[in-house]
Amino acid sequence: MDSGSKLAPKAKRCLTANFSAMPWYLYLAFKQLFPTGRAASFFAWISIIGVALGVAILIVFASVMNGLGDRIRSKVSETFGHAHVFTGSIIYDYEELLTTLRGHPEVIAATPYTTGMLMMQYGNRPAFPKIMGLNPWEENQVVPLEDYIIQGGLEEFDDQRVVVSMGVAQQLKVSIGDLINLYSPLMLEQLKRDEVPLPMELTVCGIFESGFNDVDNNTIIVTRRTMQELYGLEDGIHGIMLLIDDPDNVFQFARGLEQELGGNFQTLTWMEANENLLFLLQFEKTIMLFLLFVILIIAGFCISAILIVTALQKTREIGLLHAMGGRTRQLAAIFCLDGMLVSMGGCVVGTVLAFALIGSRGALIKGMLYATGQGDAFTEHYPLPITDLPVSYEAGDFALIFLFCLFIGGVAGLYPAWRAARMKPSDAIRAE
Amino acid sequence: MTENNAILEARGLSKTFATPTKPVQVLDEANVALAYGESLSIRGESGAGKTTLLYLLSVLENPDSGELFWAGENALMKPADWRARQRATFMGFVFQAYYLMPELSAVENVLLARRLVGKVRKEDRLRAEALLERVGLADRAKQIPSKLSGGEKQRVAVARALMNQPPLILADEPTGNLDERTGEHIMELLLTLCREEDMSLILVTHNPVFARQTDRCLMLHNGRFENA
């Protein structure tokens, strides 16, 4: 005998044993859904499919929102670093600070940076991008700039060259090798002194795209020395970007580092710096989930309606169960349990369906775009391959969906349960 | 407490139903007592209150007045949970319309009586199968009620009533939906099994032939008993 055929009688015995130990009202609730001689009742099929669709949609939505959120968060932390150390003014003689930070047990990388706003001009087209001064050839880089380059490269990046984001390049219509002019706020000081400021002329050597719109729309990167010259910083910097080994505990790290460094040093985490964006991401997911939960509530109404009809159809059986010794609360429990069993079935089927949908999301999106004729627009605005729609599973989402589903199932059974419970046994038995 | 030899005793049971036109008194100070192992038939015209009496005796319906004793215990003074427990173990019902659970097989319907008392053990399964064999349905044990004939359904219902070996069986027109020949078989089966298992029986019936087969027969007329 193979192992499969050995297991079959054992499984049957287990099932029988479980039925034997089951309270009779749970047994009848189960049998009402899965009667002897049939896979499932019509009521069970319809209700389970209804709940499963709701659960599947919720899981798919939550997972895709998590995936997109995680990708955005990862891009934000990638382009910002996990934390910035700064004083609010220019930091001179930062070498000692940099050595301290690089020697910190929790710090993986530390990069000095300078940042600001300026005016940029190409031909007669102006722009006002955010500018960062970084030396990407140095070790210990926080921002993986090289990975973001989509045109040109960093091989020739020096004090006479600039790397622009995709958004800036499109806005000014610049390409690799073009000369651009930069006007810094320092030039206003020169104007006040009746001096004639001359713009700094730099050559575009690279165009980058990080995947984070805030950075990609309006950022240019020059060397730290160029930035120091533009802003008159001498050898000063604005701060130091940090990567740490435990980003989940960045708040504790930041507060601890502030105490360790003392003085005027402040630490800003990527979450604090992008608080609004992160709040909006979470808020959007919460609101959409809340709206989608309505689907489960509708499924609950369907379950309730079907259970009410079932309770009416089973009036005489309810009377019989009274006569056989069933108590009122046990009879009521049959219908509540029916609702919960349907919900549990719906959760299981819905989860399988959700994983199937998520697994074939590439094909589904392609089909949907083909059907709606929006393929080109999608490709233009969505920077990643269609099959690369990110998903991420969170146990909390699953727990919330399952618990809500069970709750709805139980509540759906309450009214039919109440009807069954208030039936007078003698009237129930006499019912036509 | 009542006399020790009465498994069931009702004293002065009265019941009046409100109707849109006027109140209808179905039972008027009815007295009935049943000894252990005794069989009693109750006859009467349609609407005489026979079924109501059965429901009052099992407290599926509450009487307006009177006293009711189950094996000497005043059933009307006990909590509803106690009565429910007693209905599961102390009495078995056989109804005219069988009332089998449509989603359960014949043997599962018989075992349902045991489930209401507690965990189903292996010996309970054996007893259910033996009862079905005794009523001639050994080969139909796994059939669902919709696949059974009326006579077969009633035989399953009889087996179910006997499952917990209750000392008292209440049968309400058990042959009412059956043809004469099948009805005779069912009655014979019910009476024989009750005797074999030493159970008391209250049989509500129209049929004088069946009524004569019990130890005692009462006529219900105008809410009161008359000896038949």
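Residues are numbered from 1 along each chain as its sequence is written, and chains are lettered from A in the order in which they are written. In this predicted model, local features need pLDDT of at least 70 and side-chain atom pairs count only at pLDDT 80 or more, whereas totals for chains, interfaces and linings use all residues; side-chain values use heavy atoms, with hydrogens and water left out.

Chain A contains 19 helices and 12 strands, where helices (H or I, at least four residues) and strands (E, at least two) are DSSP runs numbered from the N terminus. The radius of gyration of chain A is 32 Å, whereas a compact globule of 432 residues would have a value near 22 Å; the radius is taken over C-alpha atoms, and the globule rule is 2.2 Å times the number of residues to the power 0.38. Along the principal axes, the C-alpha trace of chain A spans about 105 × 55 × 55 Å. Of the 432 residues, 46% count as buried, a class defined by under 20% relative accessible area, with exposed meaning over 50% and partly exposed lying in between (1.4 Å probe, protein chains only). Among the contacts of chain A with a separation of 6 or more, 80% are accounted for by residues 24 or more positions apart, a contact being heavy atoms within 4.5 Å.

The accessible surface of chain A amounts to about 21,800 Å², with 61% supplied by carbon and sulfur atoms; areas come from the Shrake-Rupley method with a 1.4 Å probe, and for residues only the protein chains shown count as cover. Chain A carries 30 positive and 43 negative side chains, and the centres of these two sets are 24 Å apart. In this count Lys and Arg are positive and Asp and Glu negative, His and the chain ends being omitted, and each charge is placed at NZ of Lys, CZ of Arg, CG of Asp or CD of Glu.

According to an unreviewed UniProt entry, the annotation "transmembrane region" covers residues 42-65, 287-312, 332-358 and 398-418 of chain A; such positions are given in the numbering used here, feature names are shortened, and annotations may be inferred rather than shown by experiment. Residues 42-65 are 100% helix and 0% strand, with end C-alpha atoms 35 Å apart, while residues 398-418 are 95% helix and 0% strand, with end C-alpha atoms 30 Å apart. The unreviewed UniProt entry also lists "domain: MacB-like periplasmic core" at residues 45-259 of chain A, a span that is 40% helix and 31% strand and whose end C-alpha atoms lie 62 Å apart.

Helix 9 of chain A (residues 224-231) includes the buried residues R224(A), T226(A), M227(A), Q228(A) and L230(A), and is followed by G232(A), whose phi is positive, near 60 degrees. The C-alpha atom of L230(A) is 59 Å from that of L403(A), 173 residues away along the chain. L403(A) belongs to helix 17 (residues 395-412) and counts as exposed at 58% relative accessibility.

Chain B comprises seven helices and 10 strands. Its radius of gyration, 17 Å, is close to the 17 Å given by the globule rule for 228 residues, so chain B is as compact as a globular protein of that length. The C-alpha atoms of chain B fill a box of roughly 50 × 35 × 35 Å along the principal axes, and 56% of the 228 residues count as buried. The accessible surface of chain B is about 9,900 Å², of which 45% belongs to carbon and sulfur atoms, and the centres of its 28 positive and 30 negative side chains lie 5 Å apart.
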